[in-house]
Amino acid sequence: MTLAIVICSITCVAMILSILFFPKIRLGKISIDTYWVITLVGAGILLACGGASIKAVGDAFISDTAVNPVKILVLFLSMTVLSIFLDELGFFRYLAGVVLRRAKTSQTKLFLLLYVTVSVLTVFTSNDIIILSFTPFICYFAKNAKINPLPYLAAEFVAANTWSMALVIGNPTNIYLATACGIDFVKYLTISIVPTVAAGLVAFLALYLLFRKKLAQPIEGEAEIVVIEDKLSLWVGIVHLAVCTVLLAIGSYINLEMWIVSACAVGSLFVISGVIAIVRRKKPAALLGCIKRAPYQLIPFVLSMFVLIVGLNENGITAAMGTLMGSNLSILKYGTTSFLASNLINNIPMSVLFSSIIQSSGGAAGMSAVFATIIGSNLGALFTPIGALAGIMWSNILNKHEVKFRYIDFLKIGVVVAIPTLAAALGSLALMLMLIA
């Protein structure tokens, strides 16, 4: 037991230090993220030392259950590719341009439109993709318009990591926790929608009160006009995303697993887009962009973290943690501890750990623990940059665009926005579960 605890603890601490101080290593012309390398090494050491059995890990990877990490990765990567395809065609930049032009000279109107746009897109795509797509655009626009970019960057980041709670596909942590606990698309939406709306409204109000003075100044510049040239491919991408979302919603009623739906959607997208490219005798640029930009680093990262959790399970550690958490005040306990744990070990490792803790409790904690943890995993990203990979990527983009946003600045916004938003989400979750009980 001690060996497993020591190796897992050292691995998590080393991972966080790598994110803060040496996020990448360079081998020639290749740049590699260090966080997944460290977790992979930690998992290897745990297996080599006997802290986790190879048989238990192998059985987990081939098991025909919702907690199978391979199925979860297929679902997440497939949904991410569908979003990347649209981004490669300029869809998100086009929408951003439309929103910015509608705002004209009013920063307050622009702030509201941007928040609403990011919120809606995040619900149906992925928070990470929206952040990667909108952040550079906001930096460029703010520079040309001679306005402070921080209110809009904060609004984008907060909206993307708050409204991502609405659907199971909005965040990889949603996917992991929901599928691991056997929660289907419709059941997830039924419970999550009220806490998401409550959190989204409180977050917007907190952001507006925080930046209202900066938003009083007029806009001097103009928005970029984005023209989407390949409209056929754009509609192919939109239809695939829409059909996939619908099938995910009804999949549980026709005994169709979510990972199969998303994988088939991506397969169909690649075939149809490939045929279009062959007919046009052009390279399938959007598909090549998907292949290049897909977050492959999450594969070794999630699998490695899963190995560490298997080790904790075998040694009875997660069961002990589940007993310690108990079944009373599940929403408060799991919501706050998952929120804080996300900012200690990142929200994806936290979700892997907490799903195991919830399962080890034998169902005593119930749906309240699952959804409270989902809330903590999403809103934990708002407190510090360590809370989610989205925060790390966001900070890196700001550095490239020479936008000054220090750790302390992130924490200030986190205190003002994240804490009341978390309280609103957990409180409305408790009310929702009381109503449907």
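**View 1. Helix α10 bends by about 40° at Ser192.** The model is predicted; local features need pLDDT of at least 70, side-chain atom pairs count only at pLDDT 80 or more, and totals for chains, interfaces and linings use all residues. Residues are numbered from 1 along each chain as its sequence is written, and side-chain values use heavy atoms, without hydrogens and water. The bend is the angle between axes fitted to the seven residues ending at a residue and the seven starting there.

**View 2. Buried residues of α10.** Among them are Phe185, Ser192, Pro195, Gly200 and Phe211. Buried means under 20% relative accessible area (1.4 Å probe, protein chains only).

**View 3. The largest cavity has a volume of about 100 Å³.** A cavity is a set of points on a 1 Å grid over the protein atoms alone where a 1.4 Å probe fits but cannot get out; lining residues have an atom within 4 Å of a point. The volume is the space filled by probe spheres set on the points, which are joined across faces, edges and corners. α4, α9, α14 and α17 each supply at least two lining residues. The lining includes Phe76, Tyr176, Val302 and Ser351. It divides into nine nonpolar, two polar and no charged residues. Nonpolar covers Ala, Val, Leu, Ile, Met, Phe, Trp, Tyr, Cys and Pro; charged covers Asp, Glu, Lys and Arg; the others, Gly among them, are polar.

How values were computed: Helices (H or I, at least four residues) and strands (E, at least two) are DSSP runs, numbered from the N terminus. Buried means under 20% relative accessible area, exposed over 50%, partly exposed in between (1.4 Å probe, protein chains only). On a 1 Å grid over the protein atoms alone, a cavity is a set of points where a 1.4 Å probe fits but cannot get out, and a pocket is an open set with protein on both sides within 12 Å along at least five of seven lines; lining residues have an atom within 4 Å of a point.
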